[in-house]
Amino acid sequence: MGKRQLHSFMVLCLIVSLFSTFSFTGDQTVEAAHDLVNPNQFYTYDEMITDMKELAAHYPGLVSYKEIGRSEYNRPIYAIKLGKGNANVLINGSHHAREWISTNLSMDMIDEYASAYTNGDTLGKYNVRDVLNKTTMWFVPMVNPDGVTLQQYGLTKFPSADHFKLINMNEGSTDFKRWKSNARGVDLNRQYAADWANIKNNKSGPSWNNYKGTAPVNQAESRVMVNFTAQVDPEMAIAYHTSGEILYWNFHQTGSWYNRDHAYAKAIGNMTGYSLIYPGTNPSGGGYTDWFIIKYKRPGFTPELGNYAGNTHVPVSEYPAIWSQNKYVGLYVAQEGYKLYVNSPRYEPEQKITVKVNGKLFSYDEDAFAKDGRTYVPLRGIFEKLEATVNYNASTGVIKATRWDRTVTFKLGSKTATVVSASGTSTVTFDAAPQVIDNRTMVPLRFIANALGVETKWDNATYTASITDRYVMDANVKNPNPVAVTIDGVKQNFDPAAHIYGYDTVYLPLRDLLTAMGATVTFANNIVTAEKDGTKMVINLKERTISVNGKYIFMSEPVVVDQNTTMLPIRIISEAFGFNVVWSQSEWTVHVTNAAAAVEQPAEEAPAVETEAVDVEEQQPETEEGTPAEPNMDGETAPGEDVAPGEDVTPGEKTAPDEETTPGEGNTQAEEPTSSEEGATSEETPAVEQGLSTDGTAEDQTVEESSVKESENGQIESQSVQNLEETPLNEEK
């Protein structure tokens, strides 16, 4: 049973049983089954605001709202946005106070269409997701909030000082059920500049109906609609009114213009069963769609909902029939609006955006796209490519991404994120919030840079977004910052040479370093085992843990692959085997000495260095005092440096031929990589860090819980980690 059938069935059952019925200002209202919006009720301005906020929270990235102006009595007038396309259409309701059932319809359309989009459902013959990916539907559900409130509640919602004036405009009556105008006594649908001077049957002064005002567009509400229409620049517009089940569509069109709009009107008439009104030679103007047709030369329609109700509102009991007649109208207008857009000078064809991560082509099942001057990329795919894990808490809408010792926490629809790292906690603000596209979270490109501390660039000539990790060396530059190394006074010839990665950490080839220190080294399945003089070191490259005689250390820096060779920070490996590490600034050399031999090497005092420089001699970064600073060899952020924790490694590297089973991925995720067309190797989804946060508490996850155990060689293994790709970031309530 469909939702609308269920509405009708529930209405019938509840009326028969007298269950859940109540009277509100003389109108019988039945609470029917619904999702977020219940249109089968006496629908007020406050109810609209509540539902609007709930829709936006439930469908982030698909539904949003904004205040577009204020009424004469300073009530906010809201527009609600539904969809993601570049083409725009505009639907509005409640120009007239007593016609508030048009607000019920607008809000129900938003609810139904958003639900169908999210679930991948069709409505009738319409693929809702396809329609709303191409077109954005703008709704102004209640143009006249003052008038609606007066019609529904009477004088109670207005200042006592204005009561006499309102009663006078209502011809002495305190019953405002017939009220059409705004609360200043001006009929808003006679306010627009469409043959305004010749409007018929005009009242001479402010009244409950038919007073056009002293000048066109001189009321706050009509000014809001004129200005907002210009901002949206819609391809089609609908202004819903009541009553009579008829359709206005024509205002002085001629020729092909007439034929085009007549065809649209007949299609809407066939959907709704409404009779088309063919105006005479001198139609009365001033209406919103009259103005829209003349101003924009585009189709505008005014359907009159419900059976003729006279001088009052259409009863709520008619709503199921109203929905049945109009449920496809919004989708039809959105679909045809897109066709008009494509054939108009306003059309801007979408150009495919290429994304590169660390110089390699990035492909994902959700394409990057540009919107409002910003480039959006898939969060999960990019973060995981940069060796971050992503978890979503469905109950709170909070997304948490963890990358080594850095955690980024943010909420869908929010422009701020909290970043917790070794250097402290900070808040970053973005100029656009993450969006949800087909259950995938898309984030502005700059979000990646600010959240993870990587470098992002945009090439407008090629429509290419580049994301580069500071731990990845430029493949076109040979040995940009080689560091000399001595072990017990003997200069080493490592290939590749020791380098400074990131800003301040010296890396050496892992196998060569261990061998030079006299250790016996074996590699197997991302596990490196080194033994020397009774000390056993086990390095889990995938989990980034080091065990020294059973005591575990977590590496805050990434494993780096350079020239197909696994590189690790020098200090953490050297000191684990009892070696001292000393930096000589003038020699640009690291001296590694056996602590037992007590061989002292000269040390020079100097502040920590930022070491992104390519040419060490010409581009060595300087401290504020102008002195080249010292690399931090223990992998911690140097004092005084505002440096994000370690970043990612080059994906897609192959295992070096001379390594037995050296991890082949730069991010060490795949044990046996296979080259793709772009030369990048396949990789596993990064494991959640043992299912725990940095403080040891359980992470919110949409994956199976990772069971943590020790393998036979004493290493921590993460098991049963479900691939997160299919986890929707948008759950139904």
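Helix 4 spans residues 128–134 and contains both D130 and K134, which are four residues apart, or about one turn of the helix. In this predicted model, the two residues are joined by a salt bridge, with 3.4 Å between the closest N and O atoms. D130 is partly exposed, its relative accessibility being 36%. K134 also counts as partly exposed, with a relative accessible area of 33%.

Side chains of opposite charge can pair when their charged atoms come close. The structure holds 12 salt bridges, and two further examples are described below.

## The pair R178 and E171

A salt bridge links the side chains of R178 and E171, with an N to O distance of 3.1 Å. R178 has a relative accessibility of 21% and is therefore partly exposed, because the buried class is limited to values under 20%. E171, in contrast, is exposed, with a relative accessible area of 54%.

## The pair R298 and D233

R298 and D233 form another salt bridge through their side chains, at 2.8 Å from N to O. R298 lies in the loop between helix 9 (288–296) and strand 13 (300–305), while D233 lies in the loop between helix 7 (220–232) and strand 9 (237–239), so the pair ties together parts that are 65 residues apart in sequence.

Are the two partners buried or exposed? R298 is buried, with a relative accessible area of 10%. D233 is partly exposed, at 26% relative accessibility.

Five strands form an open sheet in the order 31-32-33-34-35, and their pairing is antiparallel. Which strands stand at the edges of this sheet? These positions belong to strand 31 (520–524) and strand 35 (551–554). Each of them has a single partner strand, so one side of each is left without a neighbour in the sheet. From one strand to the next, the twist averages 15°.

Strands of a sheet pair through backbone hydrogen bonds, in either a parallel or an antiparallel manner. Within this sheet, strand 33 (residues 535–540) and strand 34 (residues 545–548) run antiparallel and are joined by four bridges. N540 stands opposite T545, which belongs to strand 34.

Notes:
Residues numbered from 1 in each chain as written. Predicted model: local features only at pLDDT ≥ 70, side-chain atom pairs only at ≥ 80, totals over all residues. Heavy atoms only, no water. Salt bridge = Lys/Arg side-chain N within 4 Å of Asp/Glu carboxyl O. Helix = DSSP H or I, 4+ residues; strand = E, 2+ residues; numbered from the N terminus. Buried < 20%, exposed > 50% of the residue type's maximum accessible area, 1.4 Å probe, protein only. Pairing = 2+ DSSP bridges. Axes fitted to C-alpha atoms, helices over the stretch in contact; angles between N-to-C directions.
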